[in-house]
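Try each task before reading its solution.

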Amino acid sequence: MTEPMSIERLRREGEAFTQELSLEFYQSLSGLKLEAQIQQLYQKYRAIFSDESLEVAREMFAGSAEGSDDRRSARILLDWQVESRSSRQLAPLDEREIAWEGETIVRLPDGREIPYQRTAIEIANSTDRNERAMIESARVAIVQRELAPLKKERFQRERDITESIGLANGYNATWELLSGISLGTLREECAAFLRDTQPMWDDVAAAVVRRVLGMELRETSRADALALFRAREFDEFFPAREMESTIRRQVGEMGIDPAAGGRIVFDTGEREGKRSRAFCSPVKVPDEVYLVLRPHGGQTDWNTFLHEYGHALHFAYMRPDHPMEFRFMGDNSVTEGYAMLFDHLMQDGGWLQRYTGLERKTTPAFLRSAGFEELHFLRRYCAKFMYETQLYGGDPSWDALPDLYVELLTKATSFQYSRADAFVDVDPRFYSARYLRAWQFQALLTETLVERYDADWWRNPRCGPWMVEWLFGEAQRELAHEQALRVSGKTLSFAPLVRSIERMLG
C-alpha cells in the first residue's frame, strides 16, 4: 500500500533527496565527475514533487499561526515545493548548463585555448589590458552564442511555472509571500545606497583605476574590474601554503573546533574540471559538509576560503534535532551573513596583522583597497538586484532586458558591461536579495560581537562557543532580520556598511 503524503513523509524523503542532490552537485562542480544526473533524482523522488505534496505544504501554510514555528516550517516547505516544481521541469536545462561549463573551450585569436571555467581566473591574473580584452571578447562571443540562450530560456520557463501555481499575483509577489522579504523595501534601500554613495565612488574610483591599471575609468570594462580587484600587489602577504592552516588556527583560538570533529571536508586543491567559483556543499547536515576552492592565488583565495569556511562552520554546527527544512533550507541571508562575517575579517586591521604577512605600515593601504572593493561590490549588487526585480517582474520585455542590464550595471560601477551577460550574470530566485541582506546582517553582527567580546572577538575563546549555540546552532529557523533583532536589538540597514567603508577609505 502506498504511504499517503504527509508533512512527516515530506520531511523524511525531502532530506534524502536533498542529500543526494547536494552530493551530485558537489561531485560535478568539483570536477570529480563530468555530468550531473539531476533528472534521475527527480524521477526517483517524484512522489514528494507531486500535486499532492504541494497541496500538503499549502494546507500547512494556510493553517499555521503567524509567527509560530509551524508557520516558519510551512513557509519554507511551501517555498521548497514551488522551487522544486521549477527545478524538476528545468533539470534538463541545468544538466546541459553544467555540462557546457565543464566542457567548453574558449579559443583565442592567438591560438591559445582556455577552459571556460578558467577564463575569469586568466583575466584576473593578466596585467596586459589587451590580453584581458582578447580573452573577454572570446568569452563574450561564445556566451552570447551558446550559454545566454540556455539561461534566458531557463528564466522564462521558471517565471511561467511559478506563476502558474497561482499563490500570488505574479512571480515577484509569490517570492515575497514565500520568503517573508519585501522586494519593494529592499529596492528602495538599494536606490538610496547608490544615490548616497555616488560622491564617495566618484572621489576614489578614477584615481584607483589610474594608479592600479594605468587606465582611465571611462575606458574600463568588467574584465578590467576582475584584474583591478585581484589586487596582486598584496599577494606576497597572503602565501598560499599558509592560508588553510592559519585560518583554521584562528578559528581554534576563538574556541571552535576548526574541522567540527571531521564533519567539514576541505577540498582546496587544483583539479581539472573544478568550477572556478568556490562553494560549500552541505551534503548531510550537520555531519558531512564540503568546502570547495579552486586556487586563484593571493588574497583572493584567502577571502574566498574565509567566506566558504563561514558557510561550512554554520552547516557543521547546526543542531541535528532541528527539522529538515531549518537545516537545509530557509532564509539563506543567514548563512551568507556568516560567510561574510568571516570573509570580512580581511577588513579588520588587527586580524590582518596577527594572521597574515601584512605589517602595520602596509595595512592602511590594504584596507583602503578593501574599502574600495567593498563599495564596488555593494553598488554592483544593488544594481544587479534592481535589474533582477524587472527581469522577474515581467516589464520590460525579454528582448529589452540586455540593454537595461548594461545601463544599470555600467552606471552603478562605471565599468562597461556586456549585453551577453544579461541572463548569465543573474542570481536565480533573487539570491542577490539574500546577499544584500547578508551584507547588512554581517555588518550589524560584527558591531554586536565587538560590543560583546571586544575588537579582537575573532580570537576570544568565549566568542566561538556563543556563536555555535546562539547563531550556528539555530540553523535557518529565523529570517535574517528576525535573528538580527534577537541578537542585537537592531534592524537591518546599509548604515553599518557605510560606516565601515568610510573608516577603511580614511
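**Exercise 1.** Is T220 buried or exposed? Then describe its surroundings.

*Solution.* Before starting, note that this is a predicted model, in which local features need pLDDT of at least 70, side-chain atom pairs count only at pLDDT 80 or more, and totals for chains, interfaces and linings use all residues. Residues are numbered from 1 along each chain as its sequence is written, and side-chain values use heavy atoms, with hydrogens and water left out.

Step 1: T220 has 2% relative accessibility, so it counts as buried (under 20% relative accessible area; exposed is over 50%, partly exposed in between, with a 1.4 Å probe and protein chains only).

Step 2: T220 sits in the loop that links α8 (183-213) and α9 (222-228); helices here are DSSP runs of H or I with at least four residues, strands are runs of E with at least two, and both are numbered from the N terminus.

Step 3: Look for its partners. The T220 side chain reaches the backbone oxygen of L217 at 2.7 Å. Beyond neighbours within four places in sequence, T220 is in contact (heavy atoms within 4.5 Å) with V209, M215, S414, F415 and Q416.

**Exercise 2.** Work out how the strands of the open sheet are arranged, and what lies across them.

*Solution.* Step 1: The open sheet has 3 strands in the order β3-β5-β4, with mixed pairing (two strands pair if DSSP finds at least two bridges between them).

Step 1: Find the edges. β3 (264-267) and β4 (279-284) each have a single partner strand, so one side of each is left without a neighbour in the sheet.

Step 2: Follow one pairing. β3 and β5 (residues 288-292) run parallel over 4 bridges, and D267 has V292 in β5 as its bridge partner.

Step 3: α11 (residues 299-316) lies across β3, β4 and β5, at about 175 degrees to β5 (axes are lines fitted to C-alpha atoms, for helices over the stretch in contact, and angles run from 0 to 180 degrees between N-to-C directions).

**Exercise 3.** Describe how α4 meets α7.

*Solution.* Step 1: The axes of α4 (residues 69-103) and α7 (residues 171-179) come within 8 Å and cross at roughly 145 degrees.

Step 1: Name the residues. From α4, R75, L78, D79 and V82 meet L177, L178 and S179 of α7.

Methods
A polar contact is a pair of N or O atoms within 3.5 Å; within protein, one must be able to donate a hydrogen and the other to accept it, and residues adjacent in sequence count only if both atoms are side-chain atoms.
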